[in-house]
Amino acid sequence: MCLQEMSEELDLKMEKYLRGGAANLEVLQDKKLKGQLAHRENLYGKSAKAAAKFEKWLMPSEGGYLEAEGPVEKTWRFKQEDIGQAVDISSARNQYDVVLPELGPYTMDFSSSGQYMAVAGRKGHLAIVDMKNFEVRREFQVRETVRDVVFLDHQLLFAAAQKKYTYIYSPEGIEIHCLKDHGTVLRLQYLKNHFILASVNKFGHLHYQDVSTGASKSYRTGLGRTDVMRVNTVNGVVALGHSGGTVTMWNPNSSAPLVKMLCHHGPVSALAFHPNGHLMATAGKERRIKLWDLRKYEVLQTLPGHANTLDFSQKGLLARGTCSFAEILSGTEHYSRYMNHSMVKGYQIKNLLFRPYEDVLGIGHSMGWSSILVPGSGEPNFDSWVANPFETRKQRREKEVHLLLDKLPPETIMLDPSKIGTVKPVRNKEKPTKKEREAEMEAAIEDVKGNITLKNKTKGRNKPSKRAKKKQEIVTKVKRPFLEQQMREPQLSRKKQKVSEEDELPKSLQRFTRKKAAT
């Protein structure tokens, strides 16, 4: 019975990896083709069976979600007290509140493995917390305003945007670098595959700094002050939300934005990217949250409500925070309410961030920071080659070397990273310039002059004047195509200009344009 259950479980997992149903080979009359296709179908079955077997060992855990019993019960009615009583002891430890009212509001950032958390209080408090052992690894006071903090994943280095400059600290709290070129920074983001620290300051200047080589670039956005900034982890593009309701997307290779899209009628208050890189969530001051498909730049869904901060989990859950209320939305195409959490009255949420590889949501607020359980938010199975929550100091050193060897150049940051490695399409030959046309015509004339051979004709028809006239006719014949093309181009440009002028006119005024006479 046990073997039968195991075989049934294996068959169910195989269906996930099979490439559709098997082809009907009985209708084929060609024996050679029939044998080749049968061999291929056999290989497909073997690969699906091997993948199903390996899944049992490499992906032992399965993600779970809150499930309501019956149509009356709703998942968003479950409270954290109910969830804490139903989970195991190690998971229940992730429910806590750290109250530090004199040093807030707090913002936070997790390392890529989720093992460490960096927290920063507005009044100058910086700390590194070991989330596995729930110990404060290091904390210190810089005695000036701290606006943002971000991990660099480089031997646990972290950057803090302070009152005047941005500083990089070691895990022991030792100041390593002072980045004066960035100015007064409001937001920080780190591109871990490119080793680039991105920042935006109070004058709206976007700055890129390569932390491995020290190279830097700065661009003026021209859209004023902004503190809304996120990175698309799939392609490395930095997105900024502006007070005019626009969202711009940037890369270090262009001084102009790659995309500039009008998302809201009021200022953009929050921004987040889905882990697949194709979905973007934006929140506006007009109390609307919009989900955008970045492949077509179209709105997929518009939700009512305001958000000061947004974040997507590894499994696609969307968290939004406003005032002292946090809401988690779930869905694939259309998002709906999944969980609610109300903070103590008077707590103003500053930052929301999901912890990687854990069903935990970190909340930074005006009185400290908190942590709540969100079932189904984290990836249950981690890849130790990508992010290992249990890595040792030796493994971290080796990982640093491998990351530097695998570092991607800034030129790979683009809207569609799938174009990397493809063959560049053949473009139409560009129009030659005036000098190139004249040189080509002169070369053709010289070639004809050197190859002119005239027959000796009868008396009176072989005069030098007639021979010169004949040579001139041949040269004129060669020049004619070049001259005709030169006369044709101004006419085409005039026609294009007329068509563009007509297209630019609104429909209400196009009826007043001069129409051609009927023939």
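Student: Buried means under 20% relative accessible area, exposed over 50% and partly exposed in between, with a 1.4 Å probe and protein chains only; is F312 buried or exposed?

Tutor: F312 counts as buried, because its relative accessibility is 7%. Please keep in mind that this is a predicted model, in which local features need pLDDT of at least 70 and side-chain atom pairs count only at pLDDT 80 or more, while totals for chains, interfaces and linings use all residues. Residues are numbered from 1 along each chain as its sequence is written, and side-chain values use heavy atoms, without hydrogens or water.

Student: OK, on to the rings: how many aromatic pairs are there?

Tutor: The count comes to nine aromatic pairs, where rings of Phe, Tyr and Trp (its six-membered ring) pair if their centres lie within 6.5 Å, and planes under 30 degrees apart are called stacked, over 60 edge-to-face and the rest tilted. One of them joins F140 and F158, a tilted pair with 6.4 Å from centre to centre and 40 degrees between the planes.

Student: Where do F140 and F158 sit in the chain?

Tutor: F140 belongs to strand β5 (residues 135–141) and F158 to strand β7 (residues 158–162), so the pair links distant parts of the chain, 18 residues apart; strands here are DSSP runs of E with at least two residues, and helices are runs of H or I with at least four, numbered from the N terminus. Both F140 and F158 are buried.

Student: And why is the pair of F312 and Y335 edge-to-face?

Tutor: Their planes stand at 70 degrees with the ring centres 6.2 Å apart, so the pair is edge-to-face. Because F312 lies in strand β22 and Y335 in the loop between β24 and β25, the pair ties together parts that are 23 residues apart in sequence. Y335, with a relative accessible area of 4%, is buried.

Student: Which residues do ring pairs link into a cluster?

Tutor: The cluster holds F140, F158, Y167 and Y169.

Student: Changing topic, in what order do the strands of the open sheet run?

Tutor: The order of the four strands is β22-β23-β24-β25, with antiparallel pairing, and two strands pair if DSSP finds at least two bridges between them.

Student: Which strands stand at the edges?

Tutor: Those are β22 (309–312) and β25 (336–342), and because each has a single partner strand, one side of each is left without a neighbour in the sheet.

Student: How many bridges join β23 and β24?

Tutor: Five bridges join β23 (residues 318–322) to β24 (residues 325–330) in the antiparallel sense, and G321 stands opposite A326 in β24.
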